[in-house]
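Please examine the sequence and the structure shown below before reading the briefing.

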Amino acid sequence: MKIESVTLREIQMPLVHFFETSFGRVYGRRILLVSVEGDGVRGWGECVAGEDPFYSPEWIETAWPTIKRYLAPALLKNGVESGRECAALFARVRGHNMAKAALENAVWDAEARQKQQPLWKLLGGTRREIACGVSIGIQDSPEQLLQKIETELAAGYRRIKIKVKPGWDLNVLEKIRARWADIVLSVDANSAYTLDQTEHLRKFDAYHLLMIEQPLWNDEIYLHARLQKAIQTSICLDESIHHARDADFALETGACRIINIKVGRVGGFTEAKKIHDVAQQHGIPVWCGGMLESGVGRAHNIALSTLENFRLPGDVSASKRYWKEDIIEPQVEVRADGMIPISDAPGTGYRVREDLVQKFTVREETWRAGTTL
Ligand code: OSB
Ligand code: MG
């Protein structure tokens, strides 16, 4: 398809409730959105980079100039036949996966609309409904955490994940298990521990967790293999996996038994599909991670989660857990049985509310094909 223009925006939206991880607390989001236009359709993509370089070295202030100076010009000068071709076009730029994914996914989105096909089908998905979990941040007190878990269980969510760090881990797990002995429960450390704490991490085994996500360094795989040998709880890697080669290395070395796929962290749908396939060949399940996305990224996560090997509930939850009013229509809703039904409509099945996008926009730039970039 011929890409005629690329628009990059920053929107700002307050979160309904703050979100705290081992690297800090956020009260609202600054989100970069990309839209591409061509062949009479518009496709949308979300850049999941954070407000700070804490989850990953990439953050919104590296993503903006990377898109402006390199990625958007590459797309506008060369054009692409499909979303599949973007990764090769962007390969000259090293890293900056979240910036790349925002553009690549916008092209897939446009392609699905142009072909009048559901995005999930274009991606090769098969599921007609997907299972949802929730990620609950660190709270001011264990009592508040228990209250939140109760609310999410009542809403039907099929897996509870809590954020942990030293000082907010075994003490809260003890309280959770005393109240709910059998719920499907995971923890996510976002790299808050080191290998010297293996003895401490082994104590997590007593709480029969579905997984412990990213216990060690964000840039480390092999030391997770050492840890996995020493503990019973399955390790899931998030931050450490950037492409299919990482997934292959992690699975060959036994560094994890589960992989979290975030389409932004891995540079777009094309690489996400490859990681999905590598895991499947190893008999390892994957699930879809979240990055406190607006409806644009959320709708893409839903489409990705329809692939067969997304066998565990994802961090793909309802719009209303994050936003007073999400920027898509309909809002993402989770049924009382904890599932999201998949629409047969062309594209994502969710319409972007451009009036709201406009209202939340704080900066915006458009680049067109054929003009000096
Ligand atoms: O590690 O999965 C993570 C949010 C921001 C950065 C990293 C992570 C998260 C989440 C939130 O856990 C998941 C969600 O979108 O609800
Ligand atoms: Mg994580």
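The briefing that follows treats the sheets, the helix contacts, the metal site and the backbone in turn.

This is a predicted model, in which local features need pLDDT of at least 70 and side-chain atom pairs count only at pLDDT 80 or more, while totals for chains, interfaces and linings use all residues. Residues are numbered from 1 along each chain as its sequence is written, chains are lettered from A and ligands numbered from 1 in the order in which they are written, and side-chain values use heavy atoms, with hydrogens and water left out.

**Parallel sheet**

- An open sheet is formed by 7 strands in the order E5-E6-E7-E8-E9-E10-E11, with parallel pairing. Helices (H or I, at least four residues) and strands (E, at least two) are DSSP runs numbered from the N terminus, and two strands pair if DSSP finds at least two bridges between them.
- Strand E5 (134-136) and strand E11 (286-288) are the edge strands; each has a single partner strand, so one side of each is left without a neighbour in the sheet.
- From one strand to the next, the twist averages 25 degrees. Axes are lines fitted to C-alpha atoms, for helices over the stretch in contact, and angles run from 0 to 180 degrees between N-to-C directions.
- Strands E9 (residues 235-237) and E10 (residues 258-261) run parallel and are joined by 2 bridges; Cys236 has Ile258 in E10 as its bridge partner.
- Helix H10 (residues 269-281) lies across E10 and E11 and runs at about 170 degrees to E10. Contact here means heavy atoms within 4.5 Å.

**Antiparallel sheet**

- A further open sheet, of 4 strands, has the order E3-E2-E1-E15 and antiparallel pairing.
- At its edges stand strand E3 (41-47) and strand E15 (361-368), each with a single partner strand, so one side of each has no neighbour in the sheet.
- Neighbouring strands of this sheet are turned against each other by 25 degrees on average, direction ignored.
- Strand E1 (residues 5-21) pairs with strand E2 (residues 24-38) in the antiparallel sense over 13 bridges, and Thr21 stands opposite Gly24 in E2.
- Helix H3 lies across E1, E2 and E3, at about 150 degrees to E3. Helix H11 (residues 295-304) also packs on the sheet, where it touches E2 and E3, and its direction makes about 95 degrees with that of E3.

**Helix contacts**

- The axes of helix H1 (residues 60-78) and helix H3 (residues 97-114) come within 9 Å and cross at roughly 45 degrees, which makes H1 oblique to H3. Angles under 35 degrees count as roughly parallel, over 145 as roughly antiparallel, 65 to 115 as roughly perpendicular and the rest as oblique.
- H1 passes H3 in a right-handed crossing. A crossing is right-handed if the near helix is turned clockwise from the far one by less than a right angle, and left-handed if anticlockwise.
- In this contact, H1 contributes Ala63, Thr66, Ile67, Leu71, Ala72 and Leu75, and H3 contributes Ala99, Lys100, Leu103 and Val107.
- The residues of the contact of H1 with H3 comprise 8 nonpolar, 1 polar and 1 charged. Ala, Val, Leu, Ile, Met, Phe, Trp, Tyr, Cys and Pro count as nonpolar, Asp, Glu, Lys and Arg as charged, and the others, Gly among them, as polar.
- The axes of H3 and H10 come within 8 Å and cross at roughly 90 degrees; the two helices are therefore roughly perpendicular to each other.
- Glu104, Asn105 and Trp108 in H3 meet Phe269, Thr270 and Lys273 in H10, a contact with 2 nonpolar, 2 polar and 2 charged residues.
- Helix H5 (residues 142-154) and helix H6 (residues 170-179) have axes that come within 10 Å and cross at roughly 40 degrees; H5 and H6 are therefore oblique to each other. Their crossing is right-handed.
- Pro142, Glu143, Leu145, Leu146, Ile149 and Glu150 in H5 meet Val172, Lys175, Ile176 and Arg179 in H6, and these residues divide into 6 nonpolar, no polar and 4 charged.

**Metal site**

- The magnesium ion (ligand 2) has Asp188 (OD), Glu213 (OE) and Asp238 (OD) as its protein donors, lying 2.1 to 2.3 Å from it. Donors are N, O and S atoms within 2.8 Å of the metal (3.2 Å for Na, K and Ca); water is not among the atoms, so sites may look incomplete.
- Along the chain, the donors follow the spacing D-x24-E-x24-D.
- Glu213 in strand E8 (residues 211-213) and Asp238 in the loop between E9 and helix H9 (244-253) are 25 residues apart, and the pair links distant parts of the chain.

**Backbone**

- Most residues other than glycine have a negative phi, and most peptide bonds are trans.
- Glu329 and Pro330 are joined by a cis peptide bond with omega about -5 degrees; Pro330 lies in the loop between strand E12 (328-329) and strand E13 (339-341).
- His96, a residue other than glycine, has a positive phi near 55 degrees and lies in the loop between helix H2 (86-90) and H3.
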